[in-house]
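This report looks at a predicted model. It starts from a domain record and then turns to an open sheet and the helices around it.

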Amino acid sequence: MGQDLTVTEVRLTPILVADPPLLNTQGVHQPYTPRLIVEVVTAGGVTGVGETYGDTKYLDLAAPLADALPGRAVSDVNALHRLAERVCGDSPEATGADAVDVGGLRGVQTTDKLRLSVVSGFEVACLDALGKTLGLPVHALLGGKVRDAVDYSAYLFYRWARHPGGAGEPDDWGAALDPAGIVAQARRFAREYGFTSFKLKGGVFEPEQEIAAVRALAAAFPGQHLRLDPNGAWSVETSLKVAKELGGVLQYLEDPASGTARMAEVAAGTDVPLATNMCVTTFAEIPEAFARGAVQVVLSDHHYWGGLQATRELAAVCRTFGVALSMHSNTHLGISLAAMTHVAAVVPNLDHACDSHYPWQTEDVITERLTFRDGRLAVSDLPGLGVELDRDRLARLHRRWLDDDGSMRDRDDAAAMRVAEPGWTTPPVPRW
Ligand code: GKR
Ligand code: MG
């Protein structure tokens with residue numbers, strides 16, 4: 001008991017979380033999106049929590065890792081990767097190395113990448129348990145914070161008012177399908193959360209329309225940081241045209257074109273910095289991309305890179321090569337946001353405000369939701385992550401997952417789009 005760090009039990013709880021009809025190049029978010037909540041219980045009676053993707057392909061890899069962890073110490077986080085490599089096996093749903101790089105996700109879906117995402121949820125849960133046991137915040141376990149608050153950007157999406165047929169949970173944001181709608185959305189983000197940095201998810205409409213939206217944002221928020229991310233939907237030629245038109249306005253252009261080769265061509269033709277969460281998502285992809293000057297900003301994401309420690313390693317590599325660092329987000333809840341904030345707090349070279357989908361998620365599994373003020377989140381000094389699991393909320397969202405007919409358990413934005421537009425398929429890359 002007491003300080004005993006030995007894992008006695010691991011609980012995996014898949015949930016479905018309400019998600020608004022946010023549009024992207026692949027389609028539209030489904031009414032509910034899967035997440036996995038990981039709980040690691042120690043012999044000392046402490047429970048640590050983590051969160052990661054919850055699609056079936058991740059659950060398949062998480063289950064054997066959960067079975068293998070008891071008996072090990074939550075302080076033994078470096079061993080998690082080796083253990084996962086040994087016990088997780090291959091994901092039957094992972095695609096081969098020659099598979100098509102789909103926009104909006106993390107490139108080719110190999111088992112290695114899926115496993116890193118699974119490990120990230122376990123690593124965070126172990127660090128939370130370790131911190132709670134020692135009375136130390138997670139940032140202290142990572143060497144200590146270098147900032148007391150972390151800047152986030154408002155994540156703007158083209159969106160419908162409701163999901164087709166009124167499915168899912170309603171919200172009061174209304175539709176945003178043109179420059180005026182995007183500016184109104186940004187104004188609300190600024191008013192409610194104080195964001196001063198804005199990222200528009202592009203690749204939805206013709207590039208000219210998205211250029212107009214960014215120009216409207218620049219007029220509404222003079223001097224503030226703006227980014228545009230079409231998730232690789234554009235050709236090199238289109239990317240260069242957009243970069244030229246928005247040259248004086250964008251802080252960076254995110255994944256205008258798909259793949260390192262196209263990104264390198266774009267980078268060679270513009271001074272606008274290019275950021276990515278698509279062509280550099282593993283350490284193995286760094287050498288070629290950096291050597292070719294394909295990206296000037298890497299978007300870290302502990303769910304991609306294999307956890308909080310791996311994120312620090314990525315930061316060191318970027319620092320070494322003079323490549324800037326920012327942070328990517330996918331639909332997530334408060335446990336992940338807390339983890340993102342702890343690691344963002346310890347990375348000295350976090351050069352830009354982090355992305356977060358959190359304001360779009362009205363549901364959560366923690367007792368007190370985290371609150372953005374002045375576009376920032378205060379770094380918690382409470383033990384562990386500084387968040388508490390709300391078991392009633394967790395049970396409700398798990399019940400939704402149990403009751404689902406299977407259609408929401410694997411995120412599929414193209415399938416969600418087909419409900420409104422039968423025959424829709426994810427457009428070829430490049431689309432424009
Ligand atoms: O939530 O639709 C979305 C985004 O497009 C997400 O899937 C991306 O992974 O936010 C991400 C990005 O920056 O590419
Ligand atoms: Mg992106």
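## The annotated domain

An unreviewed UniProt entry lists residues 179-273 as "domain: Mandelate racemase/muconate lactonizing enzyme C-terminal". Over residues 179-273, the predicted chain is 51% helix and 14% strand. The end C-alpha atoms of this stretch are 23 Å apart.

## Helix H5

Helix H5 covers residues 179-193, 15 residues in total. From its first C-alpha to its last, H5 reaches 21 Å, close to the 21 Å expected at 1.5 Å a residue.

Which residues of H5 are buried? They are Ile182, Gln185, Ala186, Phe189 and Tyr193. These residues lie on the same side of H5, because they cover an arc of only 100° around the axis. Just after H5 comes glycine 194, with a positive phi of about 75°.

## The open sheet

An open sheet is built from three strands in the order E1-E4-E5, with antiparallel pairing. Strand E1 (7-18) and strand E5 (47-53) are the edge strands, and each pairs on one side only. From one strand to the next, the twist averages 20°.

Strand E4 spans residues 32-42. Seven bridges join E4 and E5 in the antiparallel sense. What stands opposite glutamate 39? The residue is valine 49, in E5.

## Helices on the sheet

Helix H3 (residues 111-134) packs on the sheet and touches E4 and E5. The direction of H3 makes about 160° with that of E5.

Helix H13 (residues 391-403) also packs on the sheet. H13 touches E1 and E4, and its direction makes about 70° with that of E1.

## Helix H1

Helix H1 runs over residues 56-68 and has 13 residues. H1 reaches 19 Å from first C-alpha to last, close to the 18 Å expected at 1.5 Å a residue.

Tyr58, Leu61, Ala62, Leu65 and Ala66 are the buried residues of H1. What do they pack against? Their partners include the sheet strands E1, E4 and E5. Helix H2 (79-87) and H3 also pack against the buried residues of H1.

Key:
Residues numbered from 1 in each chain as written. Chains lettered and ligands numbered in written order. Predicted model: local features only at pLDDT ≥ 70, side-chain atom pairs only at ≥ 80, totals over all residues. Helix = DSSP H or I, 4+ residues; strand = E, 2+ residues; numbered from the N terminus. Expected span 1.5 Å × (residues − 1). Buried ≥ 20, exposed ≤ 12 C-beta atoms within 10 Å, placed from the backbone. Arc of directions from axis to C-beta. UniProt positions renumbered as here; feature names shortened; annotations may be inferred. Pairing = 2+ DSSP bridges. Axes fitted to C-alpha atoms, helices over the stretch in contact; angles between N-to-C directions. Contact = placed C-beta atoms within 7 Å.
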